[in-house]
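Please look over the structure before reading the points below.

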Amino acid sequence: MKTSERIRKSTIGRSFFRNPDRVTERDRAAGHWSNFLLHLYPVKVRKVEITFKYTAFLGVASVVLFGILTVTGIFLMFFYVPSPANAYGDVQTIQNQVAFGQFLRNSHRWAAHLMVLAVAAHLARVFYRGAYKPPKEFNWVIGVVLLVLTLLLSFTGYLLPWDQLAYWAVTVGTAMAAYVPLVGDQVQELLLGGPTVGAPTLLRFYVLHVAVLPVALVAVLTIHIWRWRKDSMLTMDSDQGDTDA
Amino acid sequence: MLDPDPRVIANKRLLGVVPGKPGVGDRKEPAEEDTVMVWPNLLIRHAVTALVVIVIVVLIAAFFDAPLREIANPTNTPNPEKAPWYFAALQELLALFHPLVAGVLVPGAIILGLVALPYIDRNPSIDPRKRQIARTAFTVFMLLWIALTLIGFMFRGENWSWVWPWEEWHGEL
């Protein structure tokens, strides 16, 4: 008996996994139903869904990048105070004095850029295989919301190092909000907490970046994945050509 | 509809037989041989994807440091002033059109257009040959957007003038 199997079949393993066997298809299906993380998955999928060509695994790559960002982001939060007097110095401390600080800050930054790319590529891949067609229309809409949330997360995080790059990129970015007719100036002031980027902006962007937007993203992502699971056994029109219609 | 004569079999009662209806949309069940178990077929692929993504991030993070310029200074505006790269296309449009068009109408139309796409494109076929209009339109939009992003990101220098990235580099990540 393999070690992993022995662990699963022990008293504690049984209490944890409930269905320790992974031999027959029925065992594995039971494993899905009794496991919190696995229950995000369907028990079976169409064969085409496991091919690289079909999805390029961009959705799961986006989720993994979000996971990396959560872990590295929490690490950075331990050493960072969102005020103009502290922020820049804290980032320098993270880079120069905190163990693995530079590496984890790098990971956070590059994973953020990669996540924007992965989510955009996921959207394109879904478009080209026509996976937004009925009855999956609304999951596409949820996906667009996730893209916007990803961009907002990336943009709010951009300000936090409080260097010249951050300050002026956010000045340019939020200046666009001022062009909205009628309410533009109010929208800009709501974002900035004042006429220009300053201490209130940093605090607002920080709260949005570490609390509001991640929670919103996880909530919407859960619905996105849940709908994907529900639809996982759908045969789309002309999946097998028109002959079976 | 009530069954006129429900048959009682040992505590079980057949209430009636009705024609089946799909649970979700116009559901067509795939044939048994067209499906695979998620465990292990999909799980192993997702695990490999996760490892590949982690390795990519670790490698990039090990060899390239995240940028950190001098401390923010509201009195010293850099030239050029650049938005993050994913807004570079919008910033490039801002240099070409009225701010109301480039800053509000275009991004608004893109988001609304993406949201509305499945309700505009009612062609049920997913066969690439039968959806050439949709594919062409999307491809043209994507290529335009990528081109504008690259121009705003790399090909713009002082005062938003045209530069060649191999002569002067102004891209900021």
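The notes below cover the chain contact, the helix packing and some backbone details.

This is a predicted model. Chain A and chain B bury about 7,800 Å² between them. Two salt bridges are counted between the chains. Within chain A, helix 8 packs against helix 11 and also against helix 9.

**Contact between chain A and chain B**

- Chain A puts 85 residues into the contact, and chain B puts in 80.
- Carbon and sulfur atoms give 69% of the area buried between the two chains.
- On the chain B side, the residues that lose the most area to chain A are B:M37, B:W39 and B:I126. Together these three make up 10% of what that side buries.
- The count of salt bridges between chain B and chain A is two.
- A salt bridge joins the side chains of B:D121 and A:K133, at 3.1 Å from N to O.

**Helix 5 of chain A against helix 1 of chain B**

- Helix 5 of chain A spans residues 58-77. Helix 1 of chain B covers 38-63.
- The two axes come within 9 Å and cross at roughly 50°. Helix 5 of chain A and helix 1 of chain B are therefore oblique to each other.
- Their crossing is right-handed.
- From helix 5 of chain A, the contact uses A:V60, A:A61, A:V64, A:L65 and A:I68. From helix 1 of chain B, it uses B:H46, B:T49, B:A50, B:V53, B:I54 and B:V57.
- Sorted by class, the residues of this contact are nine nonpolar, two polar and no charged.

**Helix 8 of chain A against helix 11 of chain A**

- Helix 8 runs over residues 137-159 of chain A, and helix 11 over residues 199-230 of chain A.
- Their axes come within 9 Å and cross at roughly 160°. Because of that angle, helix 8 of chain A is roughly antiparallel to helix 11 of chain A; the cut-off for this class is over 145 degrees.
- Helix 8 of chain A passes helix 11 of chain A in a left-handed crossing.
- This contact has 20 nonpolar residues, eight polar residues and one charged residue.

**Helix 8 of chain A against helix 9 of chain A**

- Helix 9 of chain A is made of residues 164-175.
- The axes of helix 8 and helix 9 of chain A come within 7 Å, with a crossing angle of roughly 135°. These two helices of chain A are therefore oblique to each other.
- Helix 8 of chain A contributes A:F155, A:Y158 and A:L159. They meet A:L165, A:A166, A:Y167, A:A169, A:V170, A:G173 and A:T174 of helix 9 of chain A.
- By class, eight residues of this contact are nonpolar, two are polar and none is charged.

**Backbone details in loops**

- In chain A, the peptide bond from A:P134 to A:P135 is cis, and its omega is near 5°. A:P135 lies in the loop between helix 7 (101-128) and helix 8 of chain A.
- In chain B, the peptide bond from B:N79 to B:P80 is cis, and its omega is near 0°. B:P80 sits in the loop between helix 1 and helix 2 (88-96) of chain B.
- A:L182 has a phi near 65°, which is positive in a residue other than glycine. A:L182 belongs to the loop between helix 9 and helix 10 (184-192) of chain A.

Technical notes
Residues are numbered from 1 along each chain as its sequence is written. Chains are lettered from A and ligands numbered from 1 in the order in which they are written. This is a predicted model: local features need pLDDT of at least 70, side-chain atom pairs count only at pLDDT 80 or more; totals for chains, interfaces and linings use all residues. Side-chain values use heavy atoms; hydrogens and water are left out. Axes are lines fitted to C-alpha atoms, for helices over the stretch in contact, and angles run from 0 to 180 degrees between N-to-C directions. Helices (H or I, at least four residues) and strands (E, at least two) are DSSP runs, numbered from the N terminus. Angles under 35 degrees count as roughly parallel, over 145 as roughly antiparallel, 65 to 115 as roughly perpendicular and the rest as oblique. A crossing is left-handed if the near helix is turned anticlockwise from the far one by less than a right angle, and right-handed if clockwise. Ala, Val, Leu, Ile, Met, Phe, Trp, Tyr, Cys and Pro count as nonpolar, Asp, Glu, Lys and Arg as charged, and the others, Gly among them, as polar. Contact means heavy atoms within 4.5 Å. Buried area is the accessible area (1.4 Å probe) that two parts lose on being put together, summed over both. A salt bridge is a side-chain nitrogen of Lys or Arg within 4 Å of a carboxyl oxygen of Asp or Glu.
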